[in-house]
Structures are given as structure tokens and as C-alpha cells.
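Thank you all for making time this morning.

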Amino acid sequence: MSVIDVRNLRKEFTVRVRAGRLRRERRTVAAVGGVDLRVERGEMLGYIGPNGAGKSTTLKMLTGVLTPTSGEVRVCGLRPVPERTRLALRVGVVFGQRSQLWWDLPLRDSFALLRHVYRVPADAHAARLRRCRSLLDLDGFLDTPVRQLSLGQRMRGELTAALLHGPEVLFLDEPTIGLDLVSKQAVRGFLGELGRAGDTTLVLTTHDLADIERLCRRLVVIDHGRVVHDGSIAALHDRYGSRRLVVADLDTALPDPPELPGAPLRRVEAEGHRLVFALESASAAELVAALGALATLRDISIVEPDIEEVVARLYGKEGPPVNASGRAGGPS
Amino acid sequence: MAEPAALPRQRPARRLRQRPPRRPRQPPGRLAAYRALLGAQVRSQTSYRTSFVVDLVGNLGGTVFDVFTVLVIFGVTRELGGFTVREALVVVGLSSAAFTTADLLVGNVERLPRYVRTGLFDAVLLRPLGALPQLLLMDLPLRKLSRAVFGVAVLAVAVGSAGIDWTPGRAALVVLAPLAGVVFFGSIFVATATVSFYWTESGELANSLTYGGKDFTSYPVTVFDGWFRAAFAYGMGFAFVSYQPALALLGRADPLGLPAWAGWAAPAVALVAAGLAAVAWRVGIRHYRSTGS
């Protein structure tokens, strides 16, 4: 059975739009417009999309914060809204811009309170906290009130807070937003370890595609409330024609651009001294061997496809960029 | 790095099966969780001792003033709506004991619009506890304790000096009526706060019903008139907070002609109000829209 099973999930918001001086028209906006999603235990899923695409709205429906307009949702076999408190015992949530911690209390006290809130046996709680302390390096600021923590420190605290009850599913909404590079690496490293361990399911929304490339094998792209891609990152590249590129620098320019099977020529640069091929069916080794037979190679480099570019193209393709006025009432 | 795989995992499904059979909807330890939340609140509020004491004293002001207003009115008239000063003070006492206690326990729910705006309400919904009890406990305004004590004291003094002909029924009523009043005002607080699930800027409407209701119940309803009295006193039930129970305690017939049992109806009215407030809360949560991330 899937840990997360979502069928035809919709969330509509009614917004009032000015129409004339006093009149306001009610208009229904679908923030999530029919999402289907199945996630198996232990998967690490990247859930991405532009602002206002419906990512957070989906997560809030999966955790029982928002009531869906229609559709079926099961998380850990539970219906999130009617069984909200039971579900809360089995999932962990980190919202990058919301805090689960007590602002005025030391971090340590927040963790102790959460033990009571989630009714965790003392020994299990202590064991998990010990693990997080060493993995996330919390010891330096355990006694600092949360309001005095830096964003990176607070996020490490939030991650710990979300894991102390041993959740089966961890939802992360923009966990690296606003973090400096070092903190981002720490958070990604930690999540990577958690994912590799294999029995916690991770669902991650982010704007930072490096998070996805580091962590998630499966990528769901949502735009205008609909799933526009569900599959591996490689499948995304395949579908949108992004290829690994081989850049070959030649000693002498070739008079005619060569035609090599399975690796069409993309560009010619530096007056014929630099040729850029896209790898389709040919391997890099075959291409280099074929080139070597034609010319003297000075340098070869392979450029990985840029996921940001692909996703930017994807967003552009599926509709006009989302503007603020069109989605005024629909939280992102 | 060590392996998080080894994190011991809690199995809530198994825990649920061990629940005591007599309380099927309460998993074990929920009460302990609420107690811990309350404890945290007490610790963070009393950590600044001086300002806490200043708050305690400052909060007395409003309620003392309410009683004072009624006494000043009796400085220029001997009767108010057909009530002498001692009788009117029973009405004041019932009203202030009920309102100040409800304000201490539930009044904080009026901060819901802010919680909705700042996203704190999301965090509340993500925890495995009831949303309303969490809200009330997380921000319980202990500084209002002084007012509640004063409100109950006013009731005690008023009842003591009103020359009540004590019967077992009246003794029960003098305890039950203020409790019903607490439930009634609490219901008004909760019901009006739910408006903010639909409309975030809803503070003034809530105030007109809660603080307006407190002012209304400080006087015998006979001082009001017409549709206003009909709507507030009987349409919304405010007469059953102080006026009707006061009549029953004092052994007076209702000048407005309601039968004697109306004086004992406060608990029933409070239960109806609580039921309606619970429905409003549940429907409101279903309509909660959250805010952008």
C-alpha cells in the first residue's frame, strides 16, 4: 500500500475581484486542480513548481491543515482532515517559514515539550534527540531561546523537532529557503542520510533545484495546480530534449562540420576550433573515438544538463507565467 | 555520520489499541500533553516577575471600574430598573464573575485572527492535539487572574449582603449560574472568533458581542427597552447570565412576566450556546484557508 495516495485532489478558493467601482465579482480559483499522486514507503520525492503552483496547498491538504474541495487523500492509510490528530503522530512537518518551536523558550525546552505533545516514551525520545544532536550539531545552541537563533540554527532545530516522534513521512516545505550555503549543505546532508536509511518517506518542495538533484530520484512538477511531470530527473531531461553535451576543442578547425551517428552537432564555436555535440544514443567514449579519427583533440569536456533550464522551459511551456493578480486569494 | 536508520520508531497504531476502553476518543497522555503546554506558558509568563505583577494589578482596572459605574448610578437614583442597590449588585456580581473567568480561560481566542495571519494556526493544526485547547493553553493570559478573583469576590460580597433566603436550590444556583455564565461567555468568545476563518479583520464584531455582552449583563435587563432588549436578552440569551438567575436567588417575580423556572434555565441555555459554538468552530476550521507559505 502506498504511504501517500492522492486521487484527483482539488482545492478551490473563492476570491472577490473588483469589477467596477463598488461591485465585486466572486470568482473561483483552483489552487490545486486535480492532482494524482502515489508515493511508496521510503521514497524521496521532489515536489516542485513556480510560485502559486499549488505546492504548499497540496502539502497542507496532505497534513490535514486544509480541507480539500474534492478528491481522495490517504496518508499512512488515514484521511488527513477527519483523522488529523492521529495522522499528526505519524508524520513530521517542516515548513520553512513556520515554526514548530516555542519562541521564548530554549531549544531544549521545546524538544521536551514536544515529547509530551507527541506522547513519546522517554527513552525513544532521548535516543532520537541524541542522534539529531550529533548529526545536526545542535549542542552549541541547545540552551539558547529560539528567538535568538540564526535561521540556519533554527532550521536544524525544526528538523529535529519534526523527527523526535519518529514519523513515517516527513514533509518539508522549502527547508533550505534563506539558508547560507554551509547550512544548506548540512540540511541536505542530513536529509540524504535519512533518505538512504530507507524507512522514512520524504516529500520535499523547494525552489532550490540543487536540493532535488542532491536528494530526490523522483520529481513531480506541478504548474497551475496540475502535475506536468512525474518521473525521474533523467526522464525529465529526455522528455524536454536536454542532453549531456560534449565540448571538443580541436587543434585545427575542420573544413566541414562532421556528422557523427547518435550525437548531432549542436554548435560550432571559436571559428571552428570548438564543437559542441549533444549525446543522444552514442556514448561519450564512442564520440571521442570518432572525433579522434577526424582531428587532433586538444581538450574534451562533458557538460551535465542544467535542470533549472529544463524546469524554466517546462514552466514556460505549460502556460503564461503566474502573476499575482490572477491568484490573489490562492495561497501558494 | 551515524545512521538515522537506527532511530527507534514509534508505532502509534499499536499505542491506540492499548487505549483504555472507557474513553475511546482520548489516547493516553493527552491530558499530560495539555498540562505540559500550560506549564510552558506559566514559565515564560512569570519569567519577568516585575512586569507580571504590574500586569496583574493593571488588569484589575476595568472590572473595578464596571462595579464602580453601577455604584455611581445609585448615587443619583435609589432604584435602577426596579432593583435596589443590593439587588443590582447581585446582577453585577454574577456578570463579572462569569465574564472575568471566561475571559481568563477562553478570552484569548480573540487573538485567532492574528494566529491565522501569522501562520501560527498552521503549526497548531500540525500537532496531535485539539486545535482549540492548544490555542487557549499556549497563550493563557495569567495576568487576567487578578480580574477573575476580583469578579468572584464581587459576587460573594453581593450575594452575602443581599439578604437572600437560602434554600438548597438557591445554594446550588449560586454556584451553577456563574459556571453557566462562564460557559455562555466562553461560547460567545469562540463563536465570534470563528468569523476570522472567513474574514481576517473581524476584531470589532467580536468585541461588540463579548464586551458589549458584559456591559449588557451588568444591569437588570429592565433598564433596556424594545427590540434591543428582545434581541440581546432573549434572542441571544444574555438575560440568562445574570438577570434571570438573580431574580431566582432574590426570590422576585420577573417584572417582564417570564415564569419562575426561567431563573433556573441558565445551565440549559449555556449548553445550547456551547453546542452552537462547537458547530461554528468545526465549520470554521473546514473553511480555514491558511495563508501563503
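Chain A holds 10 helices and 13 strands, where helices (H or I, at least four residues) and strands (E, at least two) are DSSP runs numbered from the N terminus. Please keep in mind that this is a predicted model, in which local features need pLDDT of at least 70, side-chain atom pairs count only at pLDDT 80 or more, and totals for chains, interfaces and linings use all residues. Residues are numbered from 1 along each chain as its sequence is written, while chains are lettered from A and ligands numbered from 1 in the order in which they are written.

Along its principal axes, the C-alpha trace of chain A spans about 75 × 60 × 40 Å. Of the 332 residues in chain A, 40% are buried; a residue is buried if 20 or more other C-beta atoms, placed from the backbone, lie within 10 Å of its own, exposed if 12 or fewer, and partly exposed in between. Among the contacts in chain A with a separation of 6 or more, 70% are made by residues 24 or more positions apart, a contact being two residues whose C-beta atoms, placed from the backbone, lie within 7 Å.

Let me turn to a sheet in chain A. Three strands form an open sheet in the order β2-β1-β4, with antiparallel pairing, and strands are taken as paired if DSSP finds at least two bridges between them. The edge strands, each pairing on one side only, are β2 (24-39) and β4 (70-75) of chain A. β1(A) and β4(A) pair in the antiparallel sense over 5 bridges, and one of the residues to look at is A:V6, whose bridge partner in β4(A) is A:V73.

Is A:E174 buried or exposed? With 20 C-beta neighbours inside 10 Å, A:E174 counts as buried.

Now to a helix pair. Helix α4 (residues 122-136) and helix α5 (residues 151-163) of chain A pack at an angle of about 155 degrees, with their axes 10 Å apart; axes are lines fitted to C-alpha atoms, for helices over the stretch in contact, and angles run from 0 to 180 degrees between N-to-C directions. That makes α4(A) roughly antiparallel to α5(A), the word being used for angles over 145 degrees. The contact is made by A:R128, A:C132 and A:L136 of α4(A), together with A:R156, A:L159, A:T160 and A:L163 of α5(A).

Finally, chain B. The contact between the chains takes 33 residues from chain B and 47 residues from chain A. On the side of chain B that touches chain A, the largest share, 6 residues, comes from α2(B). Elsewhere, helix α11 (residues 226-235) of chain B is hardly covered, with 1 buried residue among its 10, and α11(B) is followed by B:G237, whose phi is positive, near 95 degrees.

How values were computed
Angles under 35 degrees count as roughly parallel, over 145 as roughly antiparallel, 65 to 115 as roughly perpendicular and the rest as oblique.
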